[in-house]
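Here's a quick briefing on a protein chain, for someone who likes to know the cut-offs behind the words. Take a look at the model first.

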Amino acid sequence: MHHPTRALIVADGAVPERALLDAAWPGWADDVDLVVAADGGAVAAERLGLRPDLLVGDGDSLSEAGLVRIHAAGIPVELSPIAKDETDTELAILAAVRRGAARVTILCALGGPRVDHALANVLLLAHPALAGVPAELLDPAARVSLIRAPDAAGAPVHRPLPGPLDALVSLIPLGDVASVTTAGLAYPLRDEGLDAGPARGVSNVRSSADAAVTVGRGLLLVVEAPATLRP
């Protein structure tokens, strides 16, 4: 049985222009073999030129006619109760992981009127189901990922951060993070901690195209700006 290696999840937030995504993150849609729409994310997927392989959620962001159209297109639908513990985006992540996704990219998850959803979507990167599964939130203005340290073997985690010179890289701790060492960033960290609250890791700048960070312990958000947003 074939298992997907890369999944795209389309949430129900603000929909970026496809051209802006393409310019900011060239190749972002390459090698995708599973597209999961989270409820109204089905409409967002269509606007981005993506055909969902699966729709999950409670259906409250889709009209009855919209659901009928999705069924008519042969797209499988997994409806859930409106009263539930998970957000629709969380259900989409769980569905992708159940289908064997080894890498997850989440779109339409950072913008829109619901700040609570945007914050919750960022924190979904720490979901237990994504342990060992590289995941990112993607928007024309930012790529957000998470480092979990130590790794399964108890060792520090080394993350390459390749990208354009002078582009912004922010390191934001979720809780206290220990033993952070950076390379190729203008403001270095040398086996130092980043504590929750202070904004010390925000607005670093790539001084080398092969920048990297190593984390000994904790959860560290990495927020990268694309080449199109150089300071």
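How many positive and negative side chains does the protein chain have, and how far apart do the centres of the two sets lie? There are 18 positive and 28 negative ones, with the centres 4 Å apart; Lys and Arg count as positive, Asp and Glu as negative, while His and the chain ends are not counted. Each charge is placed at NZ of Lys, CZ of Arg, CG of Asp or CD of Glu.

**Ground rules**
- This is a predicted model: local features need pLDDT of at least 70, side-chain atom pairs count only at pLDDT 80 or more, and totals for chains, interfaces and linings use all residues.
- Residues are numbered from 1 along each chain as its sequence is written, and side-chain values use heavy atoms, leaving out hydrogens and water.

**Whole chain**
- The protein chain has five helices and twelve strands (DSSP runs numbered from the N terminus: H or I of at least four residues, E of at least two).
- Buried residues (under 20% relative accessible area, 1.4 Å probe, protein chains only) make up 44% of the 231 residues.
- Along the principal axes, the C-alpha atoms fill a box of roughly 55 × 35 × 35 Å.

**Helix α4**
- Eight of the eleven residues of α4 (residues 88-98) are buried, so the helix is largely enclosed by the rest of the structure.
- The buried ones are D88, T89, E90, L91, A92, I93, A95 and A96.
- Their cover includes β1 (7-10), β2 (34-38), β3 (54-57), β4 (77-79), β5 (104-107) and α5 (115-123).
- After α4 comes G100, with a positive phi near 90°.

Notes. Buried means under 20% relative accessible area, exposed over 50%, partly exposed in between (1.4 Å probe, protein chains only). Contact means heavy atoms within 4.5 Å.
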